[in-house]
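Here is a short briefing on the structure shown below. It starts with one backbone feature and then moves through the others to the chain contact.

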Amino acid sequence: MASTAAVPFWRSAGMTYITYSNICANLVRNCLKEPYKSEAISREKVHFSVTKWADGKPQKPTIRSDSPEE
Amino acid sequence: MFRQAASRLLTRSTTTLRRLYSTEVATDASSGDAAFVEAWKKVAPNIDPPKTPIQFMEPRPPTPSTLPSKLTVNFVLPYAAELSKAEVDMVIVPATTGQMGILPGHVPTIAELKPGLLSVHEGNDVKKYFISSGFAFVHSNSYADILAVEAVPLDRIDPAQVQKGLSEFTQKLNSASTDLDKAEAQIGVDVHSALNSALTG
């Protein structure tokens, strides 16, 4: 039974819902007035380290961050 | 072959029990999981059995038999609860299928939201928010859960930025080459035009 639901344009372009939702949220945050804009941007900053594993051993971790490096 | 199917259907409906929906299962778990308590008492009869997670949960508010007069709204964002169990008269949400009004006694619905205006009507007050995207769930007991990623009151939006963004993305849409670029530019145009109409309308 083929599903006949209409696919949203972003889904047919290969984007997932979360990516779409995050892009919308970022655009809205960019259109805010100060000081709300800086509050919103600082609230959404992330800082994390990713470690890929191969053969049961951790490889070099990469740090992904929105805050400026010291 | 079809006669067999018909008779099989008949027997299926009369003999097998229908499984209960989650809204019909008893939610009173204050006494705890009976099987667990029994097993505990066999092993440690002098110690009180510990509470299980279900005893810490509030039971789902029951569906009233008469139409309730107010809608209870939980309007939440990832970082804060804008409205928590607020009793209101009506909520208008920007669903992908258009502006949808939710009144007490609305049929249970799950609606995906598009960037647009959300208005909460309480008596004569109307509070408006611009939502970036999210979902709205309406339950049978006249509870509405509205989940949004970003929701801002209209006075926090900068019209100059909106115009700039709109022209920028319209330009990008015209010059976009790959599918992904086109999709991103289209999203930009949609969001900014929704912001624009929210500010002016």
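B:Lys85 is partly exposed, with a relative accessible area of 44%. Partly exposed lies between buried (under 20%) and exposed (over 50%), using a 1.4 Å probe and protein chains only. This is a predicted model: local features need pLDDT of at least 70, side-chain atom pairs count only at pLDDT 80 or more, and totals for chains, interfaces and linings use all residues. Residues are numbered from 1 along each chain as its sequence is written, chains are lettered from A and ligands numbered from 1 in written order, and side-chain values use heavy atoms, without hydrogens and water.

**Backbone features**

- Most residues other than glycine have a negative phi, and most peptide bonds are trans.
- B:Lys85 has a positive phi, near 55 degrees. It sits in strand 2 (residues 81-88) of chain B. Strands are DSSP runs of E, at least two residues; helices are runs of H or I, at least four; both are numbered from the N terminus.
- A:Asp55 also has a positive phi, about 55 degrees, and is not a glycine. It lies in the loop between strand 2 (53-54) and strand 3 (57-58) of chain A. A:Asp55 is exposed, with a relative accessible area of 78%.
- The peptide bond from A:Glu34 to A:Pro35 is cis, with omega near 0 degrees. A:Pro35 is in the loop between helix 2 (17-30) and helix 3 (36-43) of chain A.

**Annotated span**

- An unreviewed UniProt entry annotates residues 71-148 of chain B as "domain: ATP synthase F1 complex delta/epsilon subunit N-terminal". Such annotations may be inferred rather than shown by experiment; positions follow the numbering used here, and feature names are shortened.
- That span is 0% helix and 71% strand, and its end C-alpha atoms lie 18 Å apart.

**Contact between chain B and chain A**

- Chain B gives 29 residues and chain A gives 21. Contact means heavy atoms within 4.5 Å.
- About 2,200 Å² is buried, with 71% from carbon and sulfur atoms. Buried area is the accessible area (1.4 Å probe) that two parts lose on being put together, summed over both.
- In chain B, B:Glu150, B:Arg156 and B:Ile187 lose the most area to chain A, together 26% of what that side buries.
- There are two salt bridges between the chains. A salt bridge puts a side-chain nitrogen of Lys or Arg within 4 Å of a carboxyl oxygen of Asp or Glu.
- B:Glu150 forms a salt bridge with A:Arg29, with the closest N and O atoms 2.5 Å apart.
- Strand 8 (134-138), helix 4 (159-175) and helix 5 (179-200) of chain B each give two or more residues to the side touching chain A. Helix 5 of chain B gives the largest share, eleven residues.
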